[in-house]
Structures are given as C-alpha cells and as structure tokens.
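I opened the model to look up a few features. My notes follow.

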Amino acid sequence: MIAQLRFSAWKSFVDPKRSTLPFHATTLLVGPNASGKSNALDALQFLQGLAQDLTVEEVLRGRWEGGRQTWPGIRGGDAEAVWLGASEFQIDTDIHRDGALLRHEIRISTLPRVEVVAERLWRGETLLFDTNMLVAGRPWAQRDGTLLVGYEPSLPRAPHPAVRLRASRAVLVQLQSEPDMHESVLVGAQAVRDELRNLIRLDLQPHLMRSPAPVHASRMGAAGENIAAVLHGLSPRLRDDLVDWLSELCAPQIEGIHFVNVPEVREVYFQLAEGGRRVSSRSLSDGTLRFLGILVALLTAPAGTTIVIEEPDVGLHPSRVHLLAALLERLPNRHSFQVIASTHSPALLAHLSDEALANVLAFGRDPATGASVVARVGDLPAFPALRSSGQRDHLIATGWLERAL
Ligand SMILES: Nc1ncnc2c1ncn2[C@@H]1O[C@H](COP(=O)(O)OP(=O)(O)OP(=O)(O)O)[C@@H](O)[C@H]1O
Ligand SMILES: [Mg+2]
C-alpha cells in the first residue's frame, strides 16, 4: 500500500511540510478547482512511469514506439513538472509492504538536463541505497550523466561499496545484484517497483464501453475498454453482486446481465435485462456505464493494486451517491487494495463513515505563497465540528473545508 507522498517543488506544491499526503484504503481528495488534486495524482503516474523503467525524460514528455504512443507523459511535460521558477523537484514515497515501511526519495532536475540528481531508499531505519552515501555533497555523487550509488553491504564495511549508474533513470530500476550487496537492498527496490507499477488510473469513456470486446480480453482498460469480455468472465457470484449494485442505481429495475457472442469476429457484447426486455450495451446511459466501470474495476482489482479515479461521482444522481460511498469504502478494505479518488461532491463526503471522512485530504492554496497546501481532514482542529454537524454536505458545499485549512 502507498502510505504517503510528500512533495517539494512538484508542480503547484512547494513546502513539503504542507504537501504531505497520507493515504488509506480509501482516500478522497477534495478542494476547489486548480487546488492541486490532479497534480498530486500526476505524481503517482510519474512514479509509475519511473518504475516501468522509462527514462525521466520519457516519463515526463511521453514515449512513442513505431509512431504509436506507449506512454502518455505527464500533463505540462518537463517544463511544468517543477514549481515555476525552480529547477528541481523531490517526491518522497512511503510504502507499507509485508509489515515493513519502505521510504523512497527521489530528486529530479529539469534544467539543464532532465535527470535524477539524488535518490535513496530506506527500510525502517536502515538506509538501503543512497546517491550521497559515500561522499558528502552532490557534485561528487553526480557526474557526466551518472550517479554514484552507495548501498548497504552484506558484511559491515567502511567505506560503503558503490556502483556507478546512469542518471537518466531511477536507481530503483537499475540496481543489480553485487557480490557484497546485502540481499535486503534488491528486495526493497523490487517491492517499491512492484507497488508503483500496480497503479490503475481509471479514465472511463462510456462510448468505448458500449463496443463489443474481444472474447478473450481478461482485463478492463483504463478507459473501460473490454468491459464486455471482463463481465463475461466474472464468476456467477460476482456477477450477482454486480447486478444487485446496478439495480439499486438504475431507475428501471435491473434483473440480470446477458451476453451475445459474435463468433465471426470472436467478440462479445452485453445486455442488461430490465422489465423483461434486454437492452444492449450500445444503448446504456453514460451514468450507468461509468458506475458499471467503477464496479468492475473495484470488484476485480487484484490485491495490492492502487486504483486512482478522478471524480467517480460524475453523472450520478444525488440520490444514488450513497451507493458510490458504500462501494468506495467497503471494497478496498475487504479485498486489500487501495482507492484514491478526487471529488467535488459534498453528497459523497456526507455519506462517508466518520473514519473515512477523517481520512479525506483537503486541498487549498496558501494565500501568501500561492502554493498548494494539503491536510488530512481528521487532523484539522475543526474536524469534530464537521463530524458532529447534521449538515456536512452544506458545510462542504459552502467552502467550509477550505477556510478550515
Ligand atoms: N509547474 C507549476 N508551477 C506552479 N503552479 C502550477 C504548476 N503546474 C500546475 N500548476 C497549478 O496547478 C493548477 C492545476 O491544478 P490541478 O490540475 O491539480 O487542479 P485540481 O485540484 O485537480 O482542479 P479540478 O478540480 O479543476 O480538476 C494550474 O492551474 C496551476 O495553477
Ligand atoms: Mg483535477
């Protein structure tokens, strides 16, 4: 699980003390437009790209292979990844894995070159590797596009052993076994890599969900592609669960889900049964499809995955938002995965349990510096007043949280 992120000079964030984001099984991000919610989610995508062995430049600008884009890059590219006016940013990531706390810290320059300037990994109190472990000061550690990386030795040794690696990618993906390297170094690096790769940023597009899907597709795409095939492959129990949730959402009672094979092209599409009629995916409403996409993503998420959703409430009728709140709160806990979602819906927040409300992250801007600031709602002095208020959604809709920041 990604337990925490902390930013210095990443996009609209400046001060790490006010840019620390603790995450739980379910974490909702709230705040006005342009307060930094998506900037924070972009950082997760940045880390995912690094963990996929792309160069820092590719992660930020995008990657093309044979004329096809295989990685989308980060909004704003390398020029605006860093707080405007600065030339380096840092992202620290805490990860809980197998009972241990791993902390990864990476510092990136965008000028004069886009590259890693410092990186280190801790497991609890032990420093597993560090670009500054051997020599004091960065100029020695970084030279000609390379980094000197000291690592934890298998036997006590002074000075620390080190390898020279390229500065164009994360140390995390370049380290290899060395004769005198402690085994925990590679185990730790691998754990962080796995965790960061296991990220799905859902961006559901109803028009893509209406199409038939190749029968053998096993995973739904981030835009909801292939949902018909994934529904087709669900166990009867999961399919029943899904129909139960859907029938609570929709105005017509949903009685079941059916599939039509198109053997000539080996594709399948689905139909929902309502009032004795079967309506094909091609005619379903946007809100139904988006809710269905979220349901499928949450019901089929492998343990250990982090699912990121921007505004899952879009298109949901206010009287049905409580279903979404229940889904987002219940499923991650039950199946050991994690959801991080941004929202503008006071109703969604109002339907959360006290515990989930306490874990909401409120975003705003520091009036003095203009930088984004974040706080966990449960840590705000004003939280007890919000918790006990009978009018949570009214307070949130009228900007109460921003003022409490
Ligand atoms: N490099 C940068 N330096 C300073 N500020 C930046 C930088 N990049 C982005 N920003 C600020 O961040 C804003 C975008 O923030 P973001 O997309 O995170 O908003 P949001 O909270 O997701 O809003 P919405 O609810 O509208 O989606 C920009 O409008 C700009 O003000
Ligand atoms: Mg946004």
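Axes are lines fitted to C-alpha atoms, for helices over the stretch in contact, and angles run from 0 to 180 degrees between N-to-C directions. Helices (H or I, at least four residues) and strands (E, at least two) are DSSP runs, numbered from the N terminus.

I note the ground rules. This is a predicted model, in which local features need pLDDT of at least 70, side-chain atom pairs count only at pLDDT 80 or more, and totals for chains, interfaces and linings use all residues. Residues are numbered from 1 along each chain as its sequence is written, while chains are lettered from A and ligands numbered from 1 in the order in which they are written.

**Helix 1 and helix 4**

I looked up the packing of helix 1 (residues 37-51) on helix 4 (residues 183-197): the angle is about 125°, and the axes are 8 Å apart. The two helices are therefore oblique to each other. Helix 1 contributes Leu47, Gln48 and Ala51 to the contact, and helix 4 contributes Arg193, Leu196 and Arg197 (contact: C-beta atoms, placed from the backbone, within 7 Å). I sorted these residues into three nonpolar, one polar and two charged. Here Ala, Val, Leu, Ile, Met, Phe, Trp, Tyr, Cys and Pro count as nonpolar, Asp, Glu, Lys and Arg as charged, and the others, Gly among them, as polar.

**Helix 7 and helix 8**

Next I took helix 7 (residues 236-249) and helix 8 (residues 286-299). Their axes come within 11 Å and cross at roughly 145°. From helix 7, Leu238, Asp241, Leu242, Trp245, Leu246 and Leu249 meet Thr288, Phe291, Leu292, Leu295 and Leu299 of helix 8. I count nine nonpolar, one polar and one charged in this contact.

**Ligand 1**

Which residues are closest to ligand 1? I find Ser12, Asn33, Lys37, Ser38 and Asn39, in a shell of 16 residues (C-beta atom, placed from the backbone, within 6 Å). Helix 1 supplies the largest share of this shell, three residues. By class, the shell has five nonpolar, eight polar and three charged residues.

**Backbone**

I checked two loops. Leu111 and Pro112 are joined by a cis peptide bond, with omega about -5°. Pro112 sits in the loop between strand 7 (100-109) and strand 8 (115-123). Ala9 is a residue other than glycine with a positive phi, near 60°. Ala9 belongs to the loop between strand 1 (2-8) and strand 2 (20-22).

**Whole chain**

Last, I noted that the protein chain has 14 helices and 21 strands. Its C-alpha trace spans about 75 × 60 × 40 Å along the principal axes.

Note on methods
Parallel < 35°, antiparallel > 145°, perpendicular 65-115°, else oblique. Contact = placed C-beta atoms within 7 Å.
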